[in-house]
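Good morning, and thank you for coming. I shall present one structure today, and I ask you to keep it in view while I speak.

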2 protein chains.
Amino acid sequence: MPLVRVYVSLKPQLLDSAGRTVGDALKSLGYAEAEDVRIGKMIELNLTSFDEARVREMCDKLLANPVIETYRFEVVE
Amino acid sequence: MPLVRVYVSLKPQLLDSAGRTVGDALKSLGYAEAEDVRIGKMIELNLTSFDEARVREMCDKLLANPVIETYRFEVVE
């Protein structure tokens, strides 16, 4: 059964406030090397069959918001 | 500047209700091949320097909850 991993990221020009908060927390824990943190989603799809065009449709329609997010996906197995 | 991507997943034995909801939504949109969906996090760390043991610490202390989540990470550049 194909496993597809979809990675959804906020567009780089948008402020990621959750990422900012995590970055600040890392710094306050002593990890001064944490210069910038951004948080995205990893969506694992177990599919009965893989069709690239259909996975792209799923991303465009539901899994990502193309106004503010970008995505990429890979077939893992 | 090293970029590290941390992938955080809910442990497989735990119910992922958000993933379940997305899976149901995909099926109702006509994507019957979406057998199972699980949602995790992708955390991008821009570091001034990379030290594997320190990144592991960041994951254990803040980025993942080891009780319910697993993680892996990769150095991208």
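Let us begin with strand 2 of chain A, which gives 3 residues, the largest share, to the lining of the largest cavity. Please bear in mind throughout that this is a predicted model.

Which residues line the largest cavity? From chain A they are A:Ser9, A:Leu10, A:Asp16, A:Arg38, A:Ile39 and A:Gly40, and from chain B they are B:Met42 and B:Glu44. Two or more of these residues come from each of three elements, namely strand 1 and strand 2 (34–47) of chain A and strand 2 of chain B. By type, the lining divides into 3 nonpolar, 2 polar and 3 charged residues. The space inside the largest cavity is about 40 Å³. A search of the whole structure returns 1 cavity of 30 Å³ or more.

I turn now to the largest pocket, which holds about 160 Å³ of space. The elements that each give two or more residues to its lining are strand 1 (3–10) and strand 3 (69–75) of chain A, along with strand 2 (34–47) of chain B. Chain A contributes A:Tyr7, A:Ser9, A:Leu10, A:Lys11, A:Pro12, A:Arg38, A:Thr70, A:Tyr71 and A:Arg72, while chain B contributes B:Arg5, B:Met42 and B:Glu44. How do the residues of this lining divide into nonpolar, polar and charged? There are 5 nonpolar, 2 polar and 5 charged residues.

Next, the contact between the chains. The size of an interface is often expressed as the accessible area lost when the parts come together. Here chain B and chain A bury about 3,100 Å² between them, with 59% of it on carbon and sulfur atoms. Which three residues supply more than any other three of the area that chain B buries against chain A? They are B:Tyr31, B:Glu33 and B:Met42, with 23% of that area. The contact involves 36 residues from chain A and 36 residues from chain B.

Between the two chains there are also 18 residue pairs in polar contact. On the side of chain B that touches chain A, strand 1 (3–10), helix 1 (17–28), strand 2 and helix 2 (52–63) of chain B each supply at least two residues. Strand 2 of chain B gives the most, with 14 residues. That side of chain B divides into 19 nonpolar, 6 polar and 11 charged residues.

Finally, salt bridges. Side chains of opposite charge can pair when their charged atoms come close. Over all chains, the search finds 8 salt bridges, and 2 salt bridges are counted between chain B and chain A. In one salt bridge, the side chain of A:Arg54 meets that of B:Glu33 at 2.7 Å, N to O. Within chain A, A:Arg5 forms a salt bridge with A:Glu44, where the closest N and O atoms are 2.6 Å apart. This pair links distant parts of the chain, since A:Arg5 lies in strand 1 of chain A and A:Glu44 in strand 2 of chain A, 39 residues apart.

How values were computed. Residues numbered from 1 in each chain as written. Chains lettered and ligands numbered in written order. Predicted model: local features only at pLDDT ≥ 70, side-chain atom pairs only at ≥ 80, totals over all residues. Heavy atoms only, no water. 1 Å grid on protein atoms, 1.4 Å probe; cavity = no way out; pocket = protein on both sides within 12 Å on 5 of 7 lines; lining within 4 Å. Points joined across faces, edges and corners; volume = space filled by probe spheres on them. Helix = DSSP H or I, 4+ residues; strand = E, 2+ residues; numbered from the N terminus. Nonpolar A, V, L, I, M, F, W, Y, C, P; charged D, E, K, R; others polar. Contact = heavy atoms within 4.5 Å. Buried area = accessible area lost by both parts, 1.4 Å probe. Salt bridge = Lys/Arg side-chain N within 4 Å of Asp/Glu carboxyl O. Polar contact = N/O pair within 3.5 Å; in protein donor to acceptor, adjacent residues only side chain to side chain.
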